[in-house]
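Let's take a walk through this model together, from the overall fold down to single side chains.

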Amino acid sequence: MIASASDPIADIFSQYDDAEERNHKLLASLFDEYFSGDEQLIVQKTQMGGTEAYVGSVTLEWFANRVNFASHLPLLQHKYNPATDNIEIDADSIDEIQQRPLDWSRQAPLVQYLASRKHHKFPPVLVVINQPWVDNPKAKQWNKKKCAKKSTTQFTPLGKDSNFGLLNVSEDDVTIYALDGQHRLMGVQGLMKLLKTQKLERYKKDKSPYGSAIAIDDLIEQYQISPAYLRKLPKEKIGIEFISAVATGETREEARRRVRSTFVHVNLMAAPLSKGQLAQLNEDDGFSIVARKIAVSHPLLEQKKDRKPRVNWNSATVAAKSTVLTTLQALKEMSEKYLGHRYPQWKPSDKGLIPLRPEDEELEEGIQHFHEFFDNLASLSSYRLLEYEQTPSLRRFSFEKDGGGEGNLLFRPVGQVALAQALGILVFKKGFSLENVFKKLTKFDREGGFSGMEYPKSLWYGVLYDPNRKRVLVAGRELAAKLLVYILGGTQDTQELAQLRKSLARARTFENKTVDFEGNFVEPKKVGLPNIL
């Protein structure tokens, strides 16, 4: 007698008497069977706004291999640029475009994030399922009215009227395109390439090469991760939501409009974070962490019941009538410029690798250095005026509405960052004493050195103030920092001094007329440099 093969269902019935436990085992057995291949996914059907969707999860490896960029859609192939993976926009394609251009400079940082951050997480992606017949007007799936007889998604419910079931994703039947999540796809594909080839090219936005490639050995050394950990990454899972390229009853044009509309709505509803909001949330960047700590703890900036807020947490700019002193984004830049020479390891490496979160002890030390910087800053006579004056009158220029403004550089974020940059060079690069530097700055401030930016006698005239447009010049920040280093005694090199003299004269030249500190038109070489403090 020949023994029959084991029947898994019969085995489960024979082993478990409890009905609930038996049903769980039966369900688990079925799930294991269907999950063993890549041709069907267990999903939940959802419906919103007339659009059916199917939500599930896939491995990163599956996502990278099976999902294409939306620009590959056959609908747009005649305008597709294979070099950039983007659609070339012209009069013919403008109405068809469903995606913003891919920014290839983001791939390397995304790959580093996935490889180095223990708690990395990508949000779910939205994809479109397409079938070959969609782009064949004579296919049998279209009726005489050019409406689809069937959907491009094939869903098999697991039970009567069930929203749970199996979605056909067989490579022989369907092609899948990322509708929302193209840069996530770019990052995951980059990770797979890195793991396969041991290196990853870095690109500019348009996918032209930029700098040296990232080697997997550099990642392992920089982030102290093991090869075994990296090998597990392809099996991690990401959430995915599928919609049909064409639904039953739709014409091809109706389907295209629906898919495009879905993309637009998804992106409109997902407003990007401002730089200030990113600084609020970033838990890995040391400079952001230090800036947040100072913003909420230093007496000059912290929130108090008896005064208006002094930090704008979201915007990178300060409105003319705003009573805030600075922005979180400016504080983050100040932290980076001041502490950057002390903690170069907090910055991206020469190989383009993103730094990890600093150790707590190092962060505490950085916070202490920045706190001391703000202690000295708060002692300046300009900031002591805040005891009885509001920031708008100290910030605005004399000619502005409500007049009488101080035009004080220290009440402009660009000036604050320039000062932090200069002092970072002096203290942590050139070895100057912070106390001695501020003794000089106190005298400079008391004599009006930071005020009256709009007057020719000011060192900042033409540098951080544009007399033609009567507004602040953000582009002059680097020159302003160099001038501060100079007047505080930190510039000795003759060639550097000559270049600084030329740069200052160029900044004070308007329509081929150069203005000296007395307000006279002079030859550029006669502008000279101010006295060293």
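Contact here means heavy atoms within 4.5 Å. Helices (H or I, at least four residues) and strands (E, at least two) are DSSP runs, numbered from the N terminus. What you have is a predicted model, where local features need pLDDT of at least 70 and side-chain atom pairs count only at pLDDT 80 or more, while totals for chains, interfaces and linings use all residues. Residues are numbered from 1 along each chain as its sequence is written, and side-chain values use heavy atoms, with hydrogens and water left out.

Start with the whole chain. The secondary structure comes to 18 helices and 19 strands. Of the 533 residues, 47% are buried; that word means under 20% relative accessible area, with exposed over 50% and partly exposed in between (1.4 Å probe, protein chains only). The chain exposes about 28900 Å², and carbon and sulfur atoms supply 50% of that area (Shrake-Rupley method with a 1.4 Å probe; for residues, only the protein chains shown count as cover). If you look at contacts with a separation of 6 or more, residues 24 or more positions apart account for 64% of them.

Now zoom in on α4 (107–116). How much of α4 is covered? Eight of its ten residues are buried, so this helix is mostly covered. The buried ones are Gln-107, Ala-108, Leu-110, Val-111, Gln-112, Leu-114, Ala-115 and Ser-116. The elements that cover them include α5, β10, β11 (214–215), α6 (216–223) and α7 (227–232). Move on into the loop between α4 and β6 (125–130) and you come to His-120. This histidine counts as buried, at 13% relative accessibility. Setting aside its neighbours within four places in sequence, His-120 is in contact with Tyr-113, Leu-114, Tyr-229, Leu-233 and Glu-236. Leu-114 is one of the buried residues of α4.

Next, the charged pairs. Side chains of opposite charge can pair when their charged atoms come close. The rule for a salt bridge is a side-chain nitrogen of Lys or Arg within 4 Å of a carboxyl oxygen of Asp or Glu, and a search of the whole structure turns up ten. One of them joins Arg-477 to Glu-333, with 2.8 Å from N to O. Arg-477 sits in helix α17 (residues 477–487) and Glu-333 in helix α11 (residues 328–339), so this pair ties together parts that are 144 residues apart in sequence. Arg-477 is buried at 18% relative accessibility, whereas Glu-333 is partly exposed at 23%.

Arg-477 has another partner: Glu-478, with the closest N and O atoms 3.9 Å apart. Glu-478 is partly exposed, at 38% relative accessibility. Through shared partners, the salt bridges join Glu-333, Arg-477 and Glu-478 into one network. Elsewhere, Lys-443 forms a salt bridge with Glu-447, and there the closest N and O atoms are 2.8 Å apart. Lys-443 is partly exposed at 47% relative accessibility, while Glu-447 is exposed at 56%.

Finish with the backbone. Most residues other than glycine have a negative phi. Gln-198 has a positive phi, near 75°, and lies in the loop between α5 (182–197) and β10 (199–200). Gln-198 is partly exposed, with a relative accessible area of 41%. Asn-512 also has a positive value, with phi near 65°. Look for Asn-512 in the loop between β17 (509–510) and β18 (513–515), where this residue is exposed, with a relative accessible area of 77%.
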